[in-house]
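Subject: Structure for you to look over

Hello,

Here is the structure I promised. Please open it next to this email and follow along.

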Amino acid sequence: MESAQGMPSHLKRPMKLVTSLVIWYGTFTVGVSISFLGAGLLEFSKKFETNVTTVSKVFSILPIAFLTGALLSGIIYRYLSRSVLSGVFLILMGIGIASYPLAPSLPVFFGIAVVAGFSAGGYDTAQIVWIIELWSGEAAPYIQVQHFSYALGTFVSPMIIRPYLAEEKVIMAGVTNSTTDEILEPVKSQLWIPFLIGGSCSIFGGVALLILTCLKNRGSTISGNQEDAQPPDPKTGQRFSHKIKLIVLSSIILGAYCGMEVYTIQFIPTFMHFIPLKLAPSDGARILTGLTAAFMIGRGLGVFLVLRIRPEFIIVGNFVVILTGNVVLNVIGGTSYEMLWGGAVLLGVGFSVVFPSFYGFLEKHLHVTNVVGAVITSSSGLIFGLYPAIIGTWIEQNPYILMYTNYGSLIICSIAFGAMNWIVSGVREGNKGVNGYVGGKEELSGGGGIELENKGN
């Protein structure tokens, strides 16, 4: 029988790899789908005969649904099969994604977002904790591969949707230009095709998880019946107040950072449409492809970097790159097509390894269970949910609101991460338990981390 926590960390290495591959594919499908709404925002505003501000309310609905799904699933996973529910969540998310272009009205469109967001939150809570449990003590490079899969999906996404976006072509003395706003001749888009592709990818991932679970329950892939056994965790002996502080700071960091990363990717095509250059949606999607390509390559390199460089150093370095890219877009990107590309690529590089490196850092100092993962994900969602309300409201009047929110996010993340390092340093001094950072993990001799007990484990 399978435990409610999913597949255990003591599995043989081949089975761990197979399980990880299926989880990584599910994460890839999330990445494929994540950019579709942002790239198609102008198309949906035309479809529903309204403005971008109204349609962008979907980006406020999604995080609320995501937060609810993350919080409830963290509780449900203690009692029901995580692998089965993860598969169901991926299937529901895929159905929702494929249904967006078919929505006959804006309320139905928003209702679909509730289903897709709730399902994404449920899957997101499971996948990060699942990888940490599978590769307990050596999870850092596998977390990087997991988020490389997400980055690969975001890279593929604009290439899928771009051919189906409407292009605004200017007919003037035989000259065609898609970046101005003279006499426009719209070309009809077919958004249902890329959304169907993205939804199908997600449904396939859910089916794969369910098949893997069925094989496991039949005993064809796992010998023995030891799922409930858990290896001893070295992250013990710390004060409860330190645990709470780490959870609170983690929620702040992830909320501010994810809001910056996700909504930069979602809104950058719209940003490029309203700056002085006034790029067409298809041109914005082209530059988004450059951003996501840098994002993907950076995450691929991160798999190897995390084996040699401490995650906190990687995080700080990436914050500097994000700041540089943001300044480029803010100061000179609005009037230079080349600088738009340069700033977007810098943002892609900067975003590439912050999230997985942070979880690699967190795994060394806090026992991340389903409940802890759900608390962090849902709490960070409270911050995350503010971004679309701010950006979506103002981006038509002042597109640089996207850059201003990024500056604020970097300040919040830097202060919170500094405080977190200060707490962790105090714990290390108290325990004298960290011998070094070797092969993507810290060697602990006396309990250098912090555990928050999950009675469901």
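Below is what was found in it, from the overall make-up down to single residues.

This is a predicted model, in which local features need pLDDT of at least 70 and side-chain atom pairs count only at pLDDT 80 or more, while totals for chains, interfaces and linings use all residues. Residues are numbered from 1 along each chain as its sequence is written, and side-chain values use heavy atoms, with hydrogens and water left out.

Overall make-up

The protein has 17 helices and six strands. Both are DSSP runs numbered from the N terminus: helices are H or I with at least four residues, strands are E with at least two. Of the 457 residues, 59% are buried. Buried means under 20% relative accessible area, exposed means over 50%, and partly exposed is in between (1.4 Å probe, protein chains only). Take the contacts with a separation of 6 or more: 82% of them join residues 24 or more positions apart. Contact here means heavy atoms within 4.5 Å.

The core

The largest nonpolar core holds 114 residues. Such a core is a set of buried Ala, Val, Leu, Ile, Met, Phe, Trp, Tyr and Cys residues joined through side-chain atoms within 4.5 Å. Tyr100, Phe109 and Phe271 have the most contacts inside this core. Helix 10 (residues 240-274) supplies the largest share, 16 residues. What does Tyr100 touch, leaving aside its neighbours within four places in sequence? Its partners are Leu37, Phe44, Leu62, Phe109, Ile112, Ala113, Ala116 and Phe195.

Two helix pairs

Two packed helices are described by the angle between their axes and the distance between the axes. Axes are lines fitted to C-alpha atoms, for helices over the stretch in contact, and angles run from 0 to 180 degrees between N-to-C directions.

Helix 10 packs on helix 13 (residues 337-351) at about 160°, with the axes 11 Å apart. From helix 10, the contact uses Tyr257, Met260, Glu261, Thr264, Phe271 and Met272. From helix 13 come Leu340, Leu347 and Phe351.

Helix 5 (residues 58-76) and helix 15 (residues 370-384) pack at about 165°, with their axes 8 Å apart. Helix 5 is thus roughly antiparallel to helix 15. On the helix 5 side, the contact is made by Pro63, Phe66, Leu67, Ala70, Leu71 and Gly74. Helix 15 contributes residues including Ala374, Ser378 and Leu382.

Helix 16

Which residues of helix 16 (residues 386-394) are buried? They are Tyr387, Pro388, Ile391 and Gly392. Seen down the helix axis, these fall within an arc of 100°, so they line one face of helix 16. The arc is that of the directions from the helix axis to the C-beta atoms. Ala389 is also in helix 16. Ala389 is partly exposed, at 36% relative accessible area. Ala389 and Ile61 are 328 residues apart in sequence, but 9.5 Å apart in space, C-alpha to C-alpha.

Two loop residues

Glu49 is not a glycine, yet its phi is positive, near 55°. Glu49 sits in the loop between helix 3 (41-47) and helix 4 (52-55). Glu49 is exposed, at 74% relative accessibility.

Lys278 also has a positive phi, about 50°, and is not a glycine. Its loop runs between helix 10 and helix 11 (281-305). Lys278 is partly exposed, at 36% relative accessibility.

Best wishes

Conventions: Angles under 35 degrees count as roughly parallel, over 145 as roughly antiparallel, 65 to 115 as roughly perpendicular and the rest as oblique.
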